[in-house]
Every structure is written in structure tokens, then in C-alpha cells.
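Please open the model in a viewer and keep the selection tool at hand.

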Amino acid sequence: MSILTCPYCNTAIQPANKTTYRCENNHSFDLAKQGYLNLLPVNKKKSKDPGDNEMMILARRNFLELGFYDPLILRIKKLINEQLSFRKKAVVALDAGCGEGYYSEKALNHLHGLHTTIYGTDISKHAVKNAAKKYKNNTYFVSSIYDLPIAKRSTHLILSVFSPIMPAEFKRILSSKGYAIVVSPASNHLNEMAALIYETVKPHTTTVVENMSVEFDHVLAERCTFTIAIKNAEDLLALLKMTPYYWSTGIERLENITNKNELSVTCDFNIDIFQKKRQQ
Ligand SMILES: C[S@@+](CC[C@H](N)C(=O)[O-])C[C@H]1O[C@@H](n2cnc3c(N)ncnc32)[C@H](O)[C@@H]1O
Ligand SMILES: [Zn+2]
């Protein structure tokens with residue numbers, strides 16, 4: 001049974017055949033050839049091609065596949081394995097703002113004693129296309145986290161990594177004892193890189209806990225900090241291209257980085273875990 005719902009009438013959508021999903025009122029959605037669904041109606045798009053573009057998505061893939069952020073993946077898995085408890089072994093998990101799919105595939109699979117059915121969504125068609133093409137066991141669909149085409153209380157685990165969050169929607173789709181894991185940049189994230197671009201580096205701040213606390217209890221806070229030693233210009237460029245710095249900074253300043261062959265960079269993440277408030 002799919003957890004997906006029709007973006008037009010909110011009834012459940014199910015596969016009608018190999019290439020089409022259909023809702024109870026006969027709205028139909030074709031699977032793209034890469035295997036994903038587009039559940040973002042045109043009239044809900046704020047721009048023609050919302051979310052990260054193809055270059056940004058491929059830049060994330062290039063860097064993530066070098067494995068530099070895998071200590072974060074291991075920490076997320078350790079937290080799920082050791083700190084979270086689920087009522088049933090069959091767990092429905094959603095990667096909300098999944099990008100090109102690295103985290104849904106690596107962090108939500110092979111958890112101790114659990115069998116996860118993995119969904120991933122992003123507002124970027126390029127993100128979802130690349131995720132679906134590579135990670136065929138997971139279900140990827142285009143939608144906005146502000147209006148998720150997902151049935152209420154159908155999801156046991158939400159993972160959000162560096163993506164926008166929508167506490168009210170997360171609350172609606174989560175089961176009563178479900179968990180939302182939100183990863184955001186902690187104060188020193190990529191400091192050394194920022195220092196090469198800006199005269200003064202402002203530490204990252206986050207409002208995740210403040211925003212989520214309206215709907216959720218904050219049940220766990222972890223900081224995951226490690227240093228990565230980048231040893232060649234190509235990997236350094238891959239990291240740079242994954243950051244907003246690359247897309248928003250003038251070429252002269254970027255040359256402070258692109259002229260280098262190596263750099264040690266601090267990776268600094270907040271991992272915050274939430275459950276619905278008890279009285280709800
Ligand atoms: C910094 S990227 C993180 C992607 C992925 N979680 C990762 O860490 O590789 C932020 C992602 O949020 C997506 N995004 C932005 N607004 C969104 C929205 N309203 N709904 C769903 N995704 C959104 C972007 O397209 C982008 O892929
Ligand atoms: Zn419908």
C-alpha cells in the first residue's frame with residue numbers, strides 16, 4: 001500500500017499498471033521513464049523550474065559520492081539504531097528535500113531489525129529524476145514539503161538534511177510515535193572555506209528547534225563535528241560547488257579556493273530529533 005495521495009483531491013493513489021498511478025477519483029499520474037512521479041500540480045509551482053537546478057544536483061552527487069560526509073550518515077544510523085524505538089519492524093521513512101537521494105539510500109537502509117520502505121521527495125525535478133534513476137528500490141516523487149501528497153499519520157520516520165522544514169506538515173504525516181530527524185549546519189560548518197571568501201565569517205545559526213517546537217517535543221540533540229582533509233583541486237571544487245558560496249560569490253573571491261590544491265575543512269552538523277507533543 002502506497003502512502004501517496006492525489007495532489008488534486010487528497011484520496012489515496014495506487015499503481016494502476018506499470019507506468020501509471022491513479023487516485024480514487026481517476027486522476028492519473030504517469031511514472032517518468034526514470035521511475036519517479038510528479039505530484040506537484042502546475043498551479044502550485046511558484047516558478048517554472050523550482051528547487052535546485054541540474055548543475056547543483058550533480059555537484060551534490062559528485063561530492064557526496066566521494067564519501068566525505070559519511071561520518072554524518074554513520075551518526076544518523078547509530079542514533080536511529082540505538083536511540084529510537086519503533087512499534088513495528090516495518091517502518092515507512094521519508095527523506096524530505098531528498099536532493100539526489102544519497103541520504104535516503106545510505107542513511108535509511110539496513111537499520112538494525114527494521115525493514116524500511118523509503119520515499120524521497122524534493123521540489124526539484126532534477127533532484128528527483130537523479131535519485132529515482134540511481135536508487136530504484138526507493139520511491140521518489142516531486143512535491144513541496146509545504147503541501148505533501150502523503151496520507152496523514154502514514155509515516156514513521158522523516159529525515160530532513162539541509163532542506164526547508166514544515167512542522168505542520170511533518171506533524172500531519174507522522175504516526176503518533178514517529179520521529180522527525182532534522183540535520184542543519186552547526187556554527188562552524190565549512191568555516192575554513194568561508195574564511196577564504198569572506199572578510200568576516202559569521203557562524204551559522206539555526207531556528208530548527210524553535211520552529212519545530214511549535215508542534216513537536218525535542219527529544220534528542222546531537223552535534224556531529226569532524227574534519228575532512230581534501231587533497232586535490234578537483235575534490236575541493238566538488239565541495240565548493242555544493243555550497244551556496246559557489247553560486248553566489250564573484251569569481252575573484254572564489255579563486256582564493258579554486259587556486260588551492262588542498263584544504264582541511266570542518267564539517268559541523270546539528271542533528272535534532274523530534275516527536276509529536278505528547279498530548280496530541
Ligand atoms: C541543500 S539541498 C539538500 C538536499 C539533500 N537533502 C542533501 O543533503 O544532499 C536542499 C534541497 O531542498 C530542495 N527544496 C527547496 N525547497 C523545497 C520545497 N519547498 N519542497 C521540497 N524540497 C525543496 C531543493 O531543491 C534542494 O534539493
Ligand atoms: Zn484525485
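Which atom of ligand 1 is 2.7 Å from an N or O atom in the side chain of Arg60? Select Arg60 and ligand 1: it is an oxygen atom of the ligand. This is a predicted model, in which local features need pLDDT of at least 70 and side-chain atom pairs count only at pLDDT 80 or more, while totals for chains, interfaces and linings use all residues. Residues are numbered from 1 along each chain as its sequence is written, chains are lettered from A and ligands numbered from 1 in the order in which they are written, and side-chain values use heavy atoms, with hydrogens and water left out.

Next, display the surroundings of ligand 1. It is surrounded by 19 residues (a heavy atom within 4 Å), and the closest are Asp52, Arg60, Gly97, Asp122 and Val161. Now select Ile123, where a backbone N or O atom lies 3.2 Å from a nitrogen atom of ligand 1. At Ile145, a polar backbone atom is 3.0 Å from a nitrogen atom of the ligand. Taken alone, ligand 1 exposes 600 Å² (Shrake-Rupley method, 1.4 Å probe), and the protein buries 88% of that.

Move on to helix α1 (residues 54–64) and helix α4 (residues 125–134), which pack at about 40° with their axes 8 Å apart. In the contact (heavy atoms within 4.5 Å), α1 contributes Glu54, Ile57, Leu58 and Arg61. The residues of this contact comprise four nonpolar, two polar and four charged.

Finally, select helix α8 (residues 233–242) and helix α10 (residues 251–258), whose axes come within 10 Å and cross at roughly 140°. Here Leu236, Leu237 and Leu240 of α8 meet Leu254, Ile257 and Thr258 of α10.

Methods: Axes fitted to C-alpha atoms, helices over the stretch in contact; angles between N-to-C directions. Helix = DSSP H or I, 4+ residues; strand = E, 2+ residues; numbered from the N terminus. Nonpolar A, V, L, I, M, F, W, Y, C, P; charged D, E, K, R; others polar. Polar contact = N/O pair within 3.5 Å; in protein donor to acceptor, adjacent residues only side chain to side chain.
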